[in-house]
Amino acid sequence: GIDHFFSGLAAEVEKRMEAVGCVGSKLTLKVKQRKQGAKPPPKFLGHGSCHNLSRSADMPGLIPTRDSKVLSNVAMSLFRDLAVPLDDVRGMGMVISNLS
């Protein structure tokens, strides 16, 4: 399910942050939501006509981290706040900022 997706995405972000030796204290979740009544995408594996949504949150306790479990939990919370139906999700990304 979606929790498995966020776990994998967070693990990849953690791996990349580890490689450059940084931690971050803010997470932004970006979601592409299919526009109502949008036709199927013209390109194979494309996203078609979408709304671009984003929400951000500070890490718990404002403590900079790259821990994939923390990243995954914060992202899940933001996704729940967006309340986008799973069938309407056409793309998703995670951005970590306030790096140190």
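Biologist: Where in the chain is the place of leucine 45?
Modeller: This is a predicted model, in which local features need pLDDT of at least 70 and side-chain atom pairs count only at pLDDT 80 or more, while totals for chains, interfaces and linings use all residues. Residues are numbered from 1 along each chain as its sequence is written, and side-chain values use heavy atoms, with hydrogens and water left out. Helices (H or I, at least four residues) and strands (E, at least two) are DSSP runs, numbered from the N terminus, and by this numbering leucine 45 sits in the loop between strand 1 and strand 2.

Biologist: Does leucine 45 count as buried or exposed?
Modeller: Buried means under 20% relative accessible area and exposed means over 50%, with partly exposed in between (1.4 Å probe, protein chains only). Leucine 45 has a relative accessibility of 75%, so it counts as exposed.

Biologist: What is the phi of asparagine 98?
Modeller: Most residues other than glycine have a negative phi. Asparagine 98, which lies in strand 3 and is partly exposed at 47% relative accessible area, is not a glycine either, yet its phi is positive, at about 55°.

Biologist: In what order do the three strands of the open sheet stand?
Modeller: Two strands pair if DSSP finds at least two bridges between them. Strand 2 (50-58) and strand 3 (89-99) are the edge strands, each pairing on one side only, and nine bridges join strand 1 (residues 24-34) to strand 3. The pairing is antiparallel, and the order is 2-1-3.

Biologist: Which residue in strand 3 stands opposite leucine 29?
Modeller: Strand 1 and strand 3 run antiparallel. Across this pairing, the residue that stands opposite leucine 29 is methionine 94.

Biologist: Which strands does helix 2 lie across?
Modeller: Angles run from 0 to 180 degrees between N-to-C directions, with axes fitted as lines to C-alpha atoms, for helices over the stretch in contact, where contact means heavy atoms within 4.5 Å. Helix 1 (residues 2-20) runs at about 40° to strand 3 and lies across strand 1 and strand 3. Helix 2 (residues 68-82) runs at about 40° to strand 1, and it lies across strand 1, strand 2 and strand 3.

Biologist: Why is the pair of phenylalanine 5 and phenylalanine 6 named as it is?
Modeller: Aromatic rings of Phe, Tyr and Trp (its six-membered ring) pair if their centres lie within 6.5 Å, and planes under 30 degrees apart count as stacked, over 60 as edge-to-face and the rest as tilted. Phenylalanine 5 is partly exposed at 37% relative accessibility, whereas phenylalanine 6 is buried at 0%. The ring centres of phenylalanine 5 and phenylalanine 6 are 5.8 Å apart and the planes stand at 70°, so the pair is edge-to-face.

Biologist: How many disulfides does the structure hold?
Modeller: Cysteine 22 is buried at 12% relative accessibility, and cysteine 50 is buried at 14% relative accessible area. A disulfide is a pair of cysteine sulfur atoms within 2.5 Å, and the number of disulfides in the structure is zero.
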